[in-house]
Amino acid sequence: MEKLAELKALLETAEKDGQLFYEKNNNAAGTRLRNALQQIKVVATDLRKDVTDKKKEAKK
């Protein structure tokens, strides 16, 4: 559940930066948004791996 909470926090950050970038044309926010999206990708991949591993353990 820790990774899920981290994912939620990253999404909130990305949303704020997305608004700044798209609504106020803030280029620095665009850079932060891209970084947040990359972090989201990494955390989501880790979370998927954890779920897969847990499912495999349950089948044993």
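Let's start where two helices meet: α1 and α2 pack at an angle of about 160°, and their axes lie 8 Å apart. Keep in mind as you look around that this is a predicted model. Two packed helices are described by just these quantities, the angle between their axes and the distance between the axes. Angles over 145 degrees count as roughly antiparallel, so α1 and α2 are roughly antiparallel to each other. The way α1 passes α2 is a left-handed crossing. Sorted by class, the contact of α1 with α2 has 15 nonpolar, 4 polar and 6 charged residues.

Now follow α1 itself, which covers residues 2-24. Which residues of α1 are buried? They are L7, L10, A14, D17 and G18. An α-helix has 3.6 residues a turn, so residues three or four places apart point the same way. And what covers the buried residues of α1? The cover includes α2, residues 27-59.

N25 sits in the loop between α1 and α2, just after α1. Most residues other than glycine have a negative phi. N25, however, takes a positive phi of about 55° although it is not a glycine. Is N25 buried or exposed? Exposed means over 50% relative accessible area, and N25 has 62% relative accessibility, so N25 counts as exposed.

Technical notes
Residues are numbered from 1 along each chain as its sequence is written. This is a predicted model: local features need pLDDT of at least 70, side-chain atom pairs count only at pLDDT 80 or more; totals for chains, interfaces and linings use all residues. Side-chain values use heavy atoms; hydrogens and water are left out. Helices (H or I, at least four residues) and strands (E, at least two) are DSSP runs, numbered from the N terminus. The expected span of a helix is 1.5 Å times one less than its number of residues. Buried means under 20% relative accessible area, exposed over 50%, partly exposed in between (1.4 Å probe, protein chains only). Contact means heavy atoms within 4.5 Å. Axes are lines fitted to C-alpha atoms, for helices over the stretch in contact, and angles run from 0 to 180 degrees between N-to-C directions. Angles under 35 degrees count as roughly parallel, over 145 as roughly antiparallel, 65 to 115 as roughly perpendicular and the rest as oblique. A crossing is left-handed if the near helix is turned anticlockwise from the far one by less than a right angle, and right-handed if clockwise. Ala, Val, Leu, Ile, Met, Phe, Trp, Tyr, Cys and Pro count as nonpolar, Asp, Glu, Lys and Arg as charged, and the others, Gly among them, as polar.
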